[in-house]
Amino acid sequence: MGSSPSGGGGARLLFPMVVVAAAAALAGAAAPASACYARVFSFGDSLADTGNRRFVYPNGSDPVLRLPYGENFFHRATGRFSDGRIALDFVADALGLPFVRPYLSGRRAEDFARGANFAVGGATALAPEFFRDRGINTSNTVDLDVEMKWFRDMIGLLCPGGIAGCSEDVMNQSLFLVGEIGGNDYNVPLLAGVPLDDVIPFAPVVIAKISSTITELIGLGAKTLVVPGNLPIGCIPNYLFVFRSDNKGDYEAETGCIGWLNEFARYHNELLIEELERLRQLHPGVTIIYADYYGAAREVFISPQRYGIEHPLVACCGGGHPYGVGASARCGRGKYGLCHNPEKYGSWDGLHPSETLYRAIATGLLRGSYTQPPIPITANSCTHLTELGSTVEHKPL
């Protein structure tokens, strides 16, 4: 069995002390006035992709383009890395909006009247050259700079006379979700065997790229931005399998997750919280919201029974190992196994949450339990807010 690269239990502090500053930043955030939104624009990776990946990598061999992906709600593969809906879908539903169209599936301005999604499965915050320059192989071709180029191209369709002519209508009345992004900047090296100590210095660079993207969106007129942090990656079945250990000290007593991996995720999030507070000070007329994906997901891993989950650390679709993943089988590849009740699992395919976990995360965000400040929506201003998690059959794009 492998042991943690920390060389010991999860109690050893690996990262700079930013917790106190992060907590102070959250405490000082002001709650905005109530509002609703005409559209959603989303950026990110596979946790937010609603179908762009099939256009970027159109060879047809990607399992996400086939069942069993999408079996639980859409009853067909839509390009989402889930058995059904993802957090973005629940947010759009709560706002009374249709599911957010993948940008690459549209061509005309009217295709983006209710928003657009630029997220792509496998995307990183940093450019592929960052990793190749450090001897880390990656097949990814999409990063935040690419997604921002797509956004600017779309603005050219929506605002043919220039952004100044429609900033009030398009930018002011839109909700921007910048992420989750950055997870693959760590997944790629860690799962390739790069030691954690060599990956830790990536975090400030990743945060700087997220910050510059937010700054660019604000410069274009964005007024409300939601910025998710990283998930507790030590609770992801694939990580639990790859970094399995005989040392009980590597695991959290409350959850069974790998402590040193979760500590790294918290480090990323604390850096992000600090940077968002700095941006708030620079842009007092803009609402910048931290979405605590880590806290919302961890609540499920601590008390899975409250959410109807019986196997919080096991993949529904995969095979072999007690975590539902193995070296020779992956969901949709090889001789994989498939559970009968995905809603009872915390993970869909060993790397991505199940629809049940996505719903729990979105619920925490929309209720304000895991956002700081809360997303400015109320049941009065957004009439569909109380219908979160409904099973109305939207027509997926």
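In the predicted model, Phe99 is buried, with a relative accessible area of 4%. Phe73 belongs to the loop between α2 (53–56) and α3 (87–94), while Phe99 belongs to the loop between α3 and β2 (115–117). The pair therefore ties together parts that are 26 residues apart in sequence. Phe73 also takes part in a contact with a charge. The charged end of Arg85 sits over the Phe73 ring, 3.9 Å from its centre. A further case of this kind involves Arg244, which lies over the face of Phe241 at 4.3 Å from the ring centre.

The loop between α2 and α3 also holds His75. Most residues other than glycine have a negative phi. His75 is not a glycine, yet its phi is positive, at about 65°. The residue is exposed, with a relative accessible area of 53%.

A search of the whole structure gives 19 aromatic pairs. One of these pairs joins Phe41 and Phe151. Their rings are 5.5 Å apart centre to centre, with 75° between the planes, an edge-to-face arrangement. Phe41 lies in strand β1 (residues 39–43) and Phe151 in helix α5 (residues 144–158), so this pair ties together parts 110 residues apart in sequence. Phe41 counts as buried, at 0% relative accessibility. Phe151 is buried as well, with a relative accessible area of 0%.

Leu157 is partly exposed, with a relative accessible area of 36%. Apart from neighbours within four places in sequence, Leu157 is in contact with Arg107, Arg108, Ala109 and Phe112. The C-alpha atoms of Leu157 and Phe112 are separated by 9.0 Å, although the two residues are 45 residues apart along the chain.

Helix packing was examined next. Two packed helices are described by the angle between their axes and the distance between the axes. For helix α9 (residues 202–220) and helix α11 (residues 259–282), the axes come within 10 Å and cross at roughly 35°. The crossing of α9 past α11 is right-handed. On the α9 side, the contact is made by Ala203, Pro204, Val206, Ile207, Ile210, Ser211, Ile214 and Thr215. On the α11 side, Tyr267, His268, Leu271, Leu272, Glu275, Leu276, Arg278 and Leu279 take part. By class, this contact has 11 nonpolar, three polar and two charged residues. An α-helix has 3.6 residues a turn, so residues three or four places apart point the same way.

Both α9 and α11 are among the elements that cover the buried residues of α7. The cover also includes α4 (128–132), α8 (196–199) and α10 (237–242). Seven of the nine residues of α7 are buried, so this helix is largely enclosed by the rest of the structure. The buried residues are Gly183, Asn184, Asp185, Tyr186, Asn187, Pro189 and Leu190. After α7 comes Gly193, with a positive phi near 95°.

Glu180 lies in the loop between β3 (174–178) and α7 (183–191). Most peptide bonds are trans. The bond from Gly179 to Glu180 is cis, with omega near 15°. A cis peptide bond also joins Gln372 and Pro373, with omega about -10°. Pro373 is placed in the segment after β10 (371–372).

Strand β10 itself includes Thr371. Thr371 counts as buried, at 4% relative accessibility. Leaving out residues up to four places away in sequence, Thr371 touches Ile289, Tyr290, Ala291 and Leu365.

Notes:
Residues numbered from 1 in each chain as written. Predicted model: local features only at pLDDT ≥ 70, side-chain atom pairs only at ≥ 80, totals over all residues. Heavy atoms only, no water. Axes fitted to C-alpha atoms, helices over the stretch in contact; angles between N-to-C directions. Helix = DSSP H or I, 4+ residues; strand = E, 2+ residues; numbered from the N terminus. Left-handed = near helix turned anticlockwise from the far one by under 90°. Contact = heavy atoms within 4.5 Å. Nonpolar A, V, L, I, M, F, W, Y, C, P; charged D, E, K, R; others polar. Phe/Tyr/Trp six-rings, centres within 6.5 Å; stacked < 30°, edge-to-face > 60°. Buried < 20%, exposed > 50% of the residue type's maximum accessible area, 1.4 Å probe, protein only. Lys NZ or Arg CZ within 6 Å of the ring centre and 35° of its normal.
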